[in-house]
Amino acid sequence: WVVFILVWCVDFMSFTVSDSHFNVSQAESGVSTKQSLSAGNSEVVRGNSLECTLVGPLPGFIPGCGPHKDCIRLQDKEEAVNLCEDSSWCHGISMGSEHKYELRGVLGINPKGKIVHPSVTGEISFMKECYDSERSKPASFEYIYDDPDAEINGDWEKPCEENYNKVGFDIKGKSSIFVSVASYRDGVCQATIESAIARAKYPSRLVFGIVEQNYVGDEPCVPDCSQGSTNSQDLICRYLSQIRLFRVSSLHSQGPTWARHRSDRLYRGETYKLQIDAHMVFVRDWDEKIITQWLSTGNEYAILSSYPTEVAGSINGITGESLSHTVPVICGADPSRGDGLVRNKGAAEGPQRPVPMLQPFWAAGMSFSRGHLTLRVPYDCCTSMMFTGEEFSMLLRSWTHGYDVYAFNESLIFHYYPPSRLKQVPLFWENTKRMGGHKVRLKSTNRMRILLDLTGSTASKIKDYDDTDSEKYGLGKVRQVSTFLAIFGIGVNQTNPVIQDHCGKIMSGKVHSYLTQYLERNTGIDYSKVPLNAMDLID
């Protein structure tokens, strides 16, 4: 195994944030002509292979005045930026209430980590970032920039479609599990990885595909294993060869579907796939137990999924044993008015059961299946800034490819919700303006509705959408989406959409008992035999 650190350079000119423009130069380049490249809130210096950018404005101040007793203060912003770029000690510029620009930095300090500090006087700063474009390695900050068009599946050759169900391999005699984690500036991500490793019965079977979207000073999902580390970091470092890591600056993040698409591209044919949020806690021997649950469905196309239960009071922190006697079930949803999509309701807690129980809806934050789900239903490449609609889209695509969603019969993974969340984190919405605002989200929504065949009579009116790889990221051909909508009473094409409430029948297990009589081991539930009015026939 090797650690997959994926490194790309990004063209900052594509990210427009504000009307700030700086002229910058780089003394080390040997280029006398100062180049000005407008990039919104990022200005790029190009000279030989070294490129620098000043990122801002950021609230707060940068400490230190370099070799000077008093900070260099300039009235002209361009002059301050140019001088900072010419000074190796300068970490950026700060501006106070007098609207003068001061060069800031501390001699002998490599500015990795949090260098912009809170200011009680309302200072703002512009932070310098540099990286070597020829070697594609950051020169100042440990950021790895994403090229959205780069192929990141490495040398792994995807099998032919007829062999998808054969995908999988063992590690030390145990079925491998691909653990997909998309983290946006999440301070609990590293603890989540540690929990998964420490509580697994066979941690060597785990392979992590992590997309880390961090900003300067954010705690990484994977520690720097070349430095001194804490006990948790030591644990992660021991399994470093089983981690595939994709790092990207949070400034370039475009939402959960964007991140999970990249995590899916880190998949290399593992037997099982577990998708989780970056703030979770696992029970002891969870890996063996979760496979046992999946096998008990008797369904090759089973997906175990739900919104996990709150961690507080649910797990013994010393033994790792679950203290919960209930399981979360997603039995209902609400229409997302105005866009023709559907949003899940919160999970209802029900009693533990001998085997997993069928439910109509799927959750992105906790999902376990065979690895071939990623081959048939990879996350969409082109739904930037989407949140509402992510789960319904993946549900319909999975269901029409023949997959069936089950609730766990015993809780094995728990979730930090506020206020018990160890650290509150920013949300990707902070990038909304930078990434194009409502227009980008509307374009993604339009794409989703078109690909899911949810437009009805309005299809001809939708002009602005991206049709890239529409067949790859569209519906399956095993089942019709209209069948799902009819059986589970979901009306999305209506002026006043209505979703029927079947929670009572679902939570009681009656829906599960009725539908499993049509179960075929190798093909899932045979819905061609299920009456469209099945819910009415279940008493």
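How many aromatic pairs does the count come to? I counted rings of Phe, Tyr and Trp (its six-membered ring) as a pair if their centres lie within 6.5 Å. By this rule I get nine aromatic pairs.

**Ground rules.** I am working on a predicted model, where local features need pLDDT of at least 70, side-chain atom pairs count only at pLDDT 80 or more, and totals for chains, interfaces and linings use all residues. Residues are numbered from 1 along each chain as its sequence is written, and side-chain values use heavy atoms, with hydrogens and water left out.

**Y272 and F368.** I looked up this pair. The ring centres are 5.2 Å apart and the planes are at 20°, so the pair is stacked (planes under 30 degrees apart; over 60 is edge-to-face, the rest tilted). Y272 belongs to strand β14 (residues 272-276) and F368 to strand β22 (residues 366-370), so the pair ties together parts that are 96 residues apart in sequence. Strands here are DSSP runs of E, at least two residues; helices are runs of H or I, at least four, and both are numbered from the N terminus. I find both Y272 and F368 buried, meaning under 20% relative accessible area with a 1.4 Å probe, protein chains only.

**W399 and F484.** This pair is edge-to-face, with 5.3 Å centre to centre and 65° between the planes. W399 lies in helix α7 and F484 in helix α9 (residues 481-487), so parts 85 residues apart in sequence are tied together. Both residues are buried. I also note that ring pairs link W399, F484, F488 and Y527 into a cluster.

**Charges over rings.** I checked for NZ of Lys or CZ of Arg within 6 Å of a ring centre and within 35 degrees of the ring normal. The charged end of R479 sits over the ring of W399, 4.8 Å from its centre. K174 lies over the face of Y202, at 4.4 Å from the ring centre.

Beyond four places in sequence, F368 touches residues including I177, L274, W294 and F408; contact means heavy atoms within 4.5 Å.

**S306.** Buried or exposed? S306 is buried, at a relative accessible area of 0%. I place S306 in the loop between β16 (302-305) and β17 (326-329). Its side chain reaches the backbone oxygen of P328 at 2.9 Å.

Definitions and conventions. Buried < 20%, exposed > 50% of the residue type's maximum accessible area, 1.4 Å probe, protein only. Polar contact = N/O pair within 3.5 Å; in protein donor to acceptor, adjacent residues only side chain to side chain.
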